[in-house]
Amino acid sequence: MKILLVAVNAKYIHSNPAVFSLKACTGAYSSHVQIAEFTINQAPAFLLQEIYKKQPDVIAFSCYIWNRTLIGQLIGDLHKILPDTDIWAGGPEVSYDPYETIKEWRLRGVLAGAGEGSFSFLVAAYVQGKKDSLPKVLTTANTPRLAFDDIPFWHQDMEMPKNRIIYYESSRGCPFSCSYCLSSIEKRMEFRSTERVCEELAFFLAQKVPQVKFVDRTFNCNKKHALPILQYLLLHDNGITNFHFEITAGLLDEDYFALLKQMRPGAVQLEIGVQSTNPQTIQEIDRNMDFAKVAGAVRRILSWNNIHVHLDLIAGLPYEDFQSFQASFNDVYALRPMQLQLGFLKVLKGSAMEARAPKYSLVSSSQPPYEVLSTKWLSYAQICRLRQLEEVFEIYYNSGQFTHTLELLLPYFASPFAMYDSLAGWFAAHNLFGILSSRIRKYEILLEFATSRILDGQAADAGYPGAQQVLKLRETLTFDLYLREHMKNRPSFAVPNERYKHAIQDILRKEADTHALFAEYQGYSYRELTKTLHVEVFETIFEQPEAVVFSYHKKDPLTNNGAAVRVALSL
């Protein structure tokens with residue numbers, strides 16, 4: 001008996017913890033189970049061929065919003081080329097209305113809800129020749145439900161994948177009832193014992209994996225569970241592994257702050273869902289959030305410069321019109337998180353948001369991921385405008401590559417939202433959307449856009465000397481560029497440094513003699529330093545002309561920037 005678990009991930013760097021957890025729970029029958037992982041970026045014909053070559057007796061698909069359409073297509077063809085193979089499906093995309101999915105895809109059945117116990121039951125039935133006794137829908141109500149601590153730690157039995165995210169789960173469920181989220185439907189919360197979690201995290205630390213991403217919906221919802229785990233990570237930090245947590249900032253207290261402040265820079269990454277700062281919106285989506293408290297917690301954490309903070313907003317929520325969303329965006333942007341994810345409301349099947357859609361005149365796509373098209377407060381044209389803003393925001397803010405340039409430009413606009421909205425308008429006017437630009441071209445586009453703004457008559461009347469500001473803009477772009485990358489060729493927009501050639505050489509010769517700036521290059525000769533370090537002279541971005549020496553030996557774990565040391569010029 002050959003049973004094939006199929007996962008189709010959104011990206012190569014992702015993995016599917018569900019299929020590995022299911023296999024790990026089959027005990028003595030695990031030899032009958034194989035796993036096949038693919039991505040949605042691979043051709044359907046390739047996926048079909050690879051599944052066919054394995055000649056499985058049973059196929060079980062793990063279904064989510066990002067792969068449902070592709071899986072439906074695959075199943076239709078699998079019925080034709082493997083007519084005697086039973087096909088099952090599980091996951092959130094088929095759990096809400098399993099009988100409808102069974103009919104649509106002509107499935108043998110569906111595993112609805114937590115699947116470890118159900119899948120173990122299914123495998124045993126097939127291996128023992130009792131498959132005809134299986135009901136169409138397997139749930140925790142008609143199959144054994146495994147306690148969370150009884151689910152094996154399957155990571156230790158596999159080779160740690162390189163260049164892929166490792167996912168880990170220490171709790172299931174969520175205590176909150178946000179109307180757009182499926183986690184609010186089942187009120188059950190389960191926690192893996194703290195002792196068990198720490199033992200398992202020790203494995204990742206010993207393996208020195210780059211990142212472990214907790215998939216807990218709200219990691220810090222139970223202080224007795226979360227705090228000891230953070231204490232363990234603080235005491236056993238290996239200097240390499242980063243742990244990502246999705247948290248609720250309003251639940252942080254002095255005990256959490258005391259621990260987080262001590263973390264090694266880059267050891268912890270926090271994702272915090274703000275979603276909106278409109279009080280009426282927050283109340284309507286059944287969310288309990290005090291933005292002032294959240295903002296205070298975020299500012300406090302960011303002040304330590306040791307934790308990557310990722311904040312989320314959702315466009316398309318009730319009572320959030322275009323002006324309200326601008327306000328939410330500006331409120332969150334003011335905190336200057338390392339990343340600000342602008343997402344769009346997904347009207348998930350079975351969620352309270354779907355039930356209330358008529359009340360909000362909420363229209364969403366009929367195909368996964370069921371994203372909002374319009375609401376009573378936000379038109380489709382405005383949604384399109386926000387999507388364009390989101391695209392340029394990802395390029396210029398969330399990449400972290402243009403930090404100083406964006407801050408330089410901000411005073412020319414009424415608000416942060418206005419700046420990115422204007423930039424999106426520039427992209428649209430110059431047909432730049434849909435074009436894969438090189439890294440240098442992205443800098444050039446920002447220069448072209450910013451120059452047009454700086455030299456605008458209104459900006460000049462406001463007291464900005466255009467020509468000098470454009471010079472400062474070019475130097476700031478150059479500074480941002482060299483912070484990230486040791487360019488072999490200076491960019492075309494860089495201000496010529498020829499007059500400082502001898503001063504730059506003197507700086508490098510002195511460093512070769514003393515290694516006063518970067519001790520890690522002890523023993524490097526002048527010639528070696530010319531290939532390792534970059535020296536740039538800036539005339540406008542400081543109070544007087546100064547050189548900056550850029551090093552890339554050890555990059556900042558939060559920003560991924562190299563080191564930059566200012567050096568006074570001796571002309």
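Predicted model: local features only at pLDDT ≥ 70, side-chain atom pairs only at ≥ 80, totals over all residues.

Two packed helices are described by the angle between their axes and the distance between the axes. Helix α8 covers residues 223-235 and helix α9 covers residues 254-261. Their packing angle is about 20°, and their axes lie 10 Å apart. Angles under 35 degrees count as roughly parallel, and α8 and α9 are therefore roughly parallel to each other. The crossing of the two helices, α8 and α9, is left-handed.

At the level of the whole protein chain, the model contains 21 helices and 19 strands. The radius of gyration of the protein chain is 27 Å, close to the 25 Å given by the globule rule for 571 residues, so the chain is as compact as a globular protein of that length. The remaining values for the protein chain are tabulated below.

| Property of the protein chain | Value |
|---|---|
| Span of the C-alpha trace along the principal axes | about 90 × 60 × 50 Å |
| Buried residues, as a share of the 571 residues | 52% |
| Contacts between residues 24 or more positions apart, as a share of contacts with a separation of 6 or more | 71% |

Methods
Residues numbered from 1 in each chain as written. Heavy atoms only, no water. Axes fitted to C-alpha atoms, helices over the stretch in contact; angles between N-to-C directions. Helix = DSSP H or I, 4+ residues; strand = E, 2+ residues; numbered from the N terminus. Parallel < 35°, antiparallel > 145°, perpendicular 65-115°, else oblique. Left-handed = near helix turned anticlockwise from the far one by under 90°. Rg over C-alpha atoms; globule rule 2.2 N^0.38 Å. Buried < 20%, exposed > 50% of the residue type's maximum accessible area, 1.4 Å probe, protein only. Contact = heavy atoms within 4.5 Å.
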